[in-house]
Amino acid sequence: MKRLKTVFATMVLLLSVSALATSCSDSKDDEPETPAAKSVEGTYSGDMTCSVMGDESTFEDMTFTLTAVDDATVDIAISSFGNPPMQVPGFTVSGVKVAGTDGKYALAPTEFSGETETGRAFSGTAQGSFEDNTLTVKFSLQYGAMPMPMICSFTAPKN
């Protein structure tokens with residue numbers, strides 16, 4: 001009988017150690033993942049190309065700043081571009097949903113609109129992606145009285 005108690009106690013001890021070892025090895029799975037919006041948040045600098053009716057222009061030293069609004073949403077502030085009198089002032093695309101994991105994220109198609117400080121209306125749609133620490137944003141911009149939209153593309157690494 002005493003031998004049976006010893007065997008039982010040994011089995012309980014081994015099972016306890018096994019369970020403890022398993023739970024410790026799974027601790028990496030328990031670490032919370034960084035929210036999608038926080039993963040892409042930051043400043044990106046690079047060149048942007050825009051096309052109007054097939055005529056393409058490149059705007060150098062553009063800055064796109066993504067700011068997390070919550071775990072799954074960012075605002076994208078786009079710096080001004082062009083030269084007067086055709087300069088487009090900086091504007092913000094608000095409420096862009098971000099989804100993904102493991103360094104690969106999609107920025108959902110988002111409609112935007114607003115008015116500049118000078119009273120010119122602007123509107124359009126934007127969407128993008130983030131992978132390998134690089135942001136890609138494509139947007140269509142209807143600015144002021146322009147009869148055709150500007151189709152723009154920006155790709156740059158995170159600063």
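This is a predicted model: local features need pLDDT of at least 70, side-chain atom pairs count only at pLDDT 80 or more; totals for chains, interfaces and linings use all residues.
Residues are numbered from 1 along each chain as its sequence is written, and side-chain values use heavy atoms, with hydrogens and water left out. The fold to look for is a closed barrel of eight strands, in the order 1-2-3-4-5-6-7-8, with antiparallel pairing.

**Barrel and strand pairs**
- From one strand to the next, the twist averages 25° (axes are lines fitted to C-alpha atoms, and angles run from 0 to 180 degrees between N-to-C directions).
- Strands here are DSSP runs of E with at least two residues, numbered from the N terminus, and two of them pair if DSSP finds at least two bridges between them.
- Strand 3 (residues 73-78) pairs with strand 4 (residues 91-101) in the antiparallel sense over five bridges, and V74 sits opposite V96 in strand 4.
- Strand 4 also pairs with strand 5, again antiparallel, over four bridges; G100 has Y105 in strand 5 as its bridge partner.
- Those two strands make a hairpin with two residues between them, and D102 in the turn has a positive phi of about 50°.
- Strand 5 (residues 104-115) and strand 6 (residues 121-131) run antiparallel and are joined by ten bridges, with S113 partnered by S123 in strand 6.

**T116, a loop residue**
- T116 lies in the loop between strand 5 and strand 6.
- T116 is buried, with a relative accessible area of 11% (buried means under 20%, exposed over 50%, partly exposed in between, with a 1.4 Å probe and protein chains only).
- Apart from neighbours within four places in sequence, T116 is in contact with P89, F122 and Y143 (heavy atoms within 4.5 Å).

**Largest pocket**
- The largest pocket holds about 280 Å³ of space.
- A pocket is an open set of points on a 1 Å grid over the protein atoms alone, where a 1.4 Å probe fits, with protein on both sides within 12 Å along at least five of seven lines; lining residues have an atom within 4 Å of a point.
- Its lining has 17 residues, and the closest to the centre are V52, F59, M86, M146 and M150.
- Strand 1 (42-52) and strand 2 (55-70) are the elements giving two or more residues to that lining, and strand 2 gives the most, with three.

Methods:
Grid points are joined across faces, edges and corners, and a volume is the space filled by probe spheres set on the points.
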